[in-house]
Amino acid sequence: MAAVLLPPDEHLAETLRSVITTCGTLRVTLASEPTPGQGWLRASGLTAGAERLIAAEAARIEAGHGRAPRTDVAASRLLHHYLWSAGLLFSGPWYLTGQLPAIRPEDVWIEVATGDLMVRPTGSAPGGEAELRAAVAAHFAPVLDAFKPFVKRGPRALWGMATDDLVSGIWYLGKMRGEEEYAVRVAEAVLPGDTAPFPGAADFRRLAGTGGRSHLTRTRLGCCLYYAVEPPDACVTCPRTCDADRVRRLEA
């Protein structure tokens with residue numbers, strides 16, 4: 001029996017295009033066909049395909065940085081990329097319109113050669129912060145399970161990464177729209193703490209800069225291992241990065 005494809009929600013598609021355009025580092029395209037063809041792996045097939053994707057990520061890191069990463073580093077970098085990107089596919093439209101996309105793992109594909117994502121949402125519905133958390137958690141859970149053997153981290157650390165990437169996506173979208181303060185308030189409402197399976201809060205704070213300036217920041221619950229790819233650099237929100245270094249980098 002042939003599968004029946006739901007017609008795409010054109011309003012949702014337009015909103016997603018706006019999110020993708022606004023967030024310049026979001027490497028996602030909208031699927032125009034039922035499946036994207038050769039060279040793509042469905043996210044619902046990650047349990048069988050994760051090793052292949054991680055090997056491709058390791059090759060990209062080596063080509064770009066001149067050193068071969070450990071398997072857990074390549075796996076962590078790829079997982080971070082997926083969680084941040086997929087999280088924005090949920091939180092971006094919700095942030096802009098209050099509509100929550102319906103995106104299952106089988107609605108997302110990853111290009112093996114590049115790590116880029118393609119998505120085909122099946123619809124949307126209104127929802128609040130709790131509904132956003134539930135939808136993201138349901139999508140993330142099988143992805144985290146698929147990567148767990150390779151990243152060598154336990155459930156709390158994995159869900160800590162999920163928390164960081166959900167917060168980071170909302171924050172980034174707001175900054176790109178020139179409304180960072182508002183985006184921070186939204187992120188703090190989405191993740192105020194004690195919202196299992198997400199183990200922590202958005203927990204933003206303000207740094208005093210020079211010349212009367214101030215900067216919003218937070219400290220990640222877990223490490224994305226970027227420093228292991230490009231030592232001695234670390235993310236500006238990394239637990240390894242002190243406040244003085246954050247201010248210096250933010251004002252550079």
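# A guided tour from the sheet to the pocket

Begin by selecting Arg-42, which stands opposite Trp-109 in β4. Strands here are DSSP runs of E with at least two residues, helices are DSSP runs of H or I with at least four residues, and both are numbered from the N terminus. The model is a predicted one, in which local features need pLDDT of at least 70, side-chain atom pairs count only at pLDDT 80 or more, and totals for chains, interfaces and linings use all residues. Residues are numbered from 1 along each chain as its sequence is written, and side-chain values use heavy atoms, with hydrogens and water left out.

Select β2 and β4 together. They pair in the antiparallel sense over three bridges; two strands count as paired if DSSP finds at least two bridges between them.

Now display the whole open sheet: four strands in the order β1-β5-β4-β2, with mixed pairing. At its edges are β1 (28-30) and β2 (40-42), each of which pairs on one side only. From one strand to the next, the twist averages 30°.

With the sheet still shown, select α2. This helix lies across β2 and β4 and runs at about 145° to β2. Such angles run from 0 to 180 degrees between N-to-C directions, with axes fitted as lines to C-alpha atoms, for helices over the stretch in contact.

Move to β7 (residues 205-208) and β8, which pair in the antiparallel sense over four bridges. Ala-208 stands opposite Ser-214 in β8. This pair is also a hairpin with five residues between the strands, and Gly-211 in the turn has a positive phi of about 60°.

## Backbone details

Most residues other than glycine have a negative phi, and most peptide bonds are trans.

- Select Ala-196 and Pro-197: a cis peptide bond joins them, with omega of about 10°. Pro-197 is in the loop between α6 (180-190) and β7.
- Select Asp-203, in the loop between α6 and β7. It is not a glycine, although its phi is positive, at about 50°. Asp-203 is exposed, because its relative accessible area is 58%; buried means under 20%, exposed over 50% and partly exposed in between, with a 1.4 Å probe and protein chains only.
- Select Leu-225, in the loop between β8 and α7. Its phi is positive too, at about 70°, and it is not a glycine. Leu-225 is buried, since its relative accessible area is 11%.

Continue to Val-236, in the loop between α7 and α8 (243-250). At 25% relative accessibility, Val-236 counts as partly exposed. Setting aside residues up to four places away in sequence, Val-236 touches Thr-217, Thr-241, Arg-246, Arg-249 and Leu-250; contact means heavy atoms within 4.5 Å.

## The spaces inside

Rolling a probe the size of a water molecule over the atoms shows where empty space is left. On a 1 Å grid over the protein atoms alone, a cavity is a set of points where a 1.4 Å probe fits but cannot get out, a pocket is an open set with protein on both sides within 12 Å along at least five of seven lines, and lining residues have an atom within 4 Å of a point.

Select Thr-25, His-80, Trp-84, Ser-168 and Cys-235: of the 31 residues lining the largest pocket, these lie nearest its centre. The pocket holds about 880 Å³ of space, a volume being the space filled by probe spheres set on the points, with grid points joined across faces, edges and corners. Helix α5 supplies the largest share of the lining, six residues.

Finish with the largest cavity, lined by His-11, Leu-12, Thr-15, Pro-93, Thr-97, Gln-99 and Ser-124. Its volume is about 30 Å³. Helix α1 gives the most to this lining, with three residues.
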